[in-house]
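Please open the structure in your viewer and keep the selection tool at hand. The tour below goes from one selection to the next and says what is found at each stop.

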Amino acid sequence: MAHAAGEGEGSGPSGRPRPPAIAEPRAFLRFAGRPRRPAIPERRAFLRFAAAAGGATLLSSCTGSDAPGTAGGTPANSAAGATTTGGANGAVPSAGASAASNPATYSGPARPADWAAVARDLSGPLVRPGEGDYATAKLLFDPRFDSLHPAGIAYCASPHDVATSVAFARRHGLPVAARCGGHSYAGWSSTRGLILDVTRMAGVSVSGGTAVIGAGTRLIDVYGGLAAHGRGVPGGSCPTVGIAGLTLGGGVGVVSRAYGLTSDNLLSLQIVTADGQVRTASPSRNPDLYWACRGGGGGNFGVVTSFTFRTHPVGEIILFFLSWPWSQASRVIAGWQSWAPHAPDALWSNLHLAAAPGGGTPSVEVGGTYLGSAGGAYAELEKLYAAVGSDPSSPYLESTSWLHAMLVEAGCAPWTVAECHLPTQNPAGRFMRASEYAKSDFFTRPLSSNGIGTLLSGVENLQLVSGAPGGGGGIAFDAMGGAVNRVAPGATAYVHRNALFQAQYTTGWTPGAASAGVANQRAWQRSFWRSMRPYASGQAYQNYIDPDLTNWRQAYYGANYARLKRVKGEYDPDRVFTFPQAI
Ligand SMILES: Cc1cc2nc3c(=O)[nH]c(=O)nc-3n(C[C@H](O)[C@H](O)[C@H](O)COP(=O)(O)OP(=O)(O)OC[C@H]3O[C@@H](n4cnc5c(N)ncnc54)[C@H](O)[C@@H]3O)c2cc1C
């Protein structure tokens, strides 16, 4: 998972948060009430710990740019207060479906008059090159993709708008790309053709144990909207990631061991397919499409306009952040891997190893959550300390509300939900864009001592690289097991049900940094990932989409690929929705 930084009270030399001076765990046990909340480092703050060690400014995944921008949003397009327009489950033909369902008559390249006509047909705005909002409307989350130049961005405010836009694109031979949070690691929610932005269809509507969530809702608004009703769904950490991309590719989060993936909690969805039809996909309606949309990856089968989720009651949750000296990293890795994947479902944990180009000692950090009492959490952590053979040098535990925990994990504490947005998504927004390359692995066997040695060398090698300003990188392991692994690999399109842990190799830099250092960091990351081939399973996470992968069909989907291809053939026979790693 990728995580972001906020402006904690205890900023380090680079202005980034540093771990607070916290009572050691036994003192925490003695603590009768809620601990006083210090400046809390979010989990990916581990990268910044390394930055402090290395004297360089490391980037976390979700922040770091000085240049505010948008990821699928215009200033007028604030998620706050937006309502779901997609409706819940009605499989009704869109008003635009008549044109779209007879879509394929190519009528030549779109002329200005055609663009003007379709703009009139849409209830949301259509932004074209040369218009005032274009420079921000075209941007994705990562400034790496700022040079992409779509022919238009349609802010679809309804399924009808989606159907109309798809029909227009087909008529004029324009490629299309659906866009929600704009966090695709490959930039594949942009196109030289027409971006179908769904962020106008945002909002959370709760009814009993279920919630209808507009497909354009960003994660922090999902958490905020549900928390107001005492409910939650498992999801990722980065607050500006879109619910659509996350859910369609799986969705790994800090309570996934307890409640499963985001997509495991999906009861039904509404989707506009390539023929312009607005369809419901659920266990009883279009069941193959429902199966495919739970892990088959965004951008493959149509444009989702709303999701209906099973929700869970949420109350207090324990957060913990632990660190050890790098000299003990080998024992921490061995201890963590024997502990985290086998812990009770209530516990989730990750392990971060991080370094900086030209930096000092790398860092090793363990973070996590526990659904239960502080005593219960500490009892579990004692098992980790025993497995490692030593107590952490900087332990931190906190019992807090679910929503605050999500803000911490997002790197937004002590901000509000409104502040936990890009400035262009919400006027109060303080969040920043960031640049980062990512690669992934799943591990189905514990790392051998050779594997641990390779891992440590891989991290340390970054110190030898001549990197970019603000450069940093590392590897983050997320514990699997629990509810995620109790689902059969073929039950949904998400096949990775036997992993002990997932890994994300990342390297980031200050956006706009000179390319030579970035290229060196990229080479380091690729070489690190290659060195781990003997130890990894060969699977990769489809949500950490990786243009490097040549065997992506097998890596993302394994034995489920054949069925995904059949579903693709049924719902998008002309491959209207395509990109370099499309089904
Ligand atoms: C900084 C960062 C942090 C992350 N943290 C996590 C994490 O904690 N857990 C986790 O599991 N993953 C995480 N991810 C991965 C994330 O889940 C994927 O990148 C996801 O695809 C992003 O979704 P999006 O809507 O933001 O992106 P987008 O770029 O908008 O979309 C991603 C893909 O889905 C398609 N798509 C978008 N909207 C729709 C729609 N309405 N219908 C159909 N297709 C659509 C796009 O065309 C594109 O192919 C993170 C990624 C980043 C960059």
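In this predicted model, begin by selecting helix α17, residues 561-571, where Tyr561, Leu564, Val567, Lys568 and Tyr571 are buried. If you look down the axis of α17, its buried residues fall within an arc of 115°, and therefore they line one face of the helix.

Next, select helix α14 (residues 449-461) together with helix α15 (residues 515-531), whose axes come within 10 Å and cross at roughly 175°. Because an angle over 145 degrees counts as roughly antiparallel, α14 is described as roughly antiparallel to α15. To see the contact itself, show Thr454, Leu455, Gly458, Val459 and Asn461 of α14, and on the side of α15 show Trp524, Phe528 and Ser531. What kinds of residues make up this contact of α14 with α15? They divide into 4 nonpolar and 4 polar residues, with no charged ones.

For the last stop, move to strand β18 (residues 501-509) and pick out Gln504, which lies in that strand. Is Gln504 buried or exposed? Gln504 is buried, with a relative accessible area of 1%. Show Tyr185 as well, and you can follow a polar contact of 3.0 Å between its side chain and the side chain of Gln504. Finally, select Trp529, which is 25 residues from Gln504 in sequence and 9.5 Å from it in space, C-alpha to C-alpha.

Notes: Residues are numbered from 1 along each chain as its sequence is written. This is a predicted model: local features need pLDDT of at least 70, side-chain atom pairs count only at pLDDT 80 or more; totals for chains, interfaces and linings use all residues. Side-chain values use heavy atoms; hydrogens and water are left out. Axes are lines fitted to C-alpha atoms, for helices over the stretch in contact, and angles run from 0 to 180 degrees between N-to-C directions. Helices (H or I, at least four residues) and strands (E, at least two) are DSSP runs, numbered from the N terminus. Angles under 35 degrees count as roughly parallel, over 145 as roughly antiparallel, 65 to 115 as roughly perpendicular and the rest as oblique. Contact means heavy atoms within 4.5 Å. Ala, Val, Leu, Ile, Met, Phe, Trp, Tyr, Cys and Pro count as nonpolar, Asp, Glu, Lys and Arg as charged, and the others, Gly among them, as polar. Buried means under 20% relative accessible area, exposed over 50%, partly exposed in between (1.4 Å probe, protein chains only). A polar contact is a pair of N or O atoms within 3.5 Å; within protein, one must be able to donate a hydrogen and the other to accept it, and residues adjacent in sequence count only if both atoms are side-chain atoms. The arc is that of the directions from the helix axis to the C-beta atoms.
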